[in-house]
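Subject: Structure handover

Hello,

Here is the structure I promised to pass on. My notes follow below it.

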Amino acid sequence: MNIENLERANEIQKRMKELEKVRGWMEEKDRSIYLLARGCNVNESVKVSSDARSLLYGLSIGEHKRLQEEFEKL
């Protein structure tokens with residue numbers, strides 16, 4: 001494995017761990033999930049609806065699978 005592949009593998013592992021954390025949050029039904037916007041003049045949050053939560057959960061599963069396949073190819 002060359003250095004570039006090793007660096008990419010490390011990035012993939014880090015991202016997969018982040019996605020696993022997000023999935024854990026989404027699986028906790030009692031946990032409220034918010035979307036946070038921060039910037040120079042913006043500091044707002046909006047509660048994520050159950051439909052959006054399901055969508056984000058599905059996206060995190062799909063992204064995790066895609067990253068896992070890329071990792072295995074390395």
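Is E70 buried, partly exposed or exposed? E70 is partly exposed, with a relative accessible area of 23% (buried is under 20%, exposed over 50%, partly exposed in between, with a 1.4 Å probe and protein chains only).

Some ground rules. This is a predicted model, so local features need pLDDT of at least 70 and side-chain atom pairs pLDDT 80 or more, while totals for chains, interfaces and linings use all residues. Residues are numbered from 1 along each chain as its sequence is written, and side-chain values use heavy atoms, without hydrogens and water.

Salt bridges come next. The whole structure has seven (a side-chain nitrogen of Lys or Arg within 4 Å of a carboxyl oxygen of Asp or Glu). E70 pairs with R8 at 2.8 Å, N to O. R8 sits in helix α1 and E70 in helix α2, so the pair ties together parts 62 residues apart in sequence (helices are DSSP runs of H or I, at least four residues, numbered from the N terminus). R8 also bridges to E11, with the closest N and O atoms 3.3 Å apart. R8 is partly exposed at 28%; E11 is partly exposed at 48%. A network of salt bridges links R8, E11, E63, R66 and E70. Elsewhere, R31 bridges to E28 at 3.4 Å between the closest N and O atoms.

Now the helices. The axes of α1 (residues 3-27) and α2 (residues 50-73) come within 9 Å and cross at roughly 155° (axes are lines fitted to C-alpha atoms over the stretch in contact; angles run from 0 to 180 degrees between N-to-C directions).

Best wishes

Terms used
Helix = DSSP H or I, 4+ residues; strand = E, 2+ residues; numbered from the N terminus.
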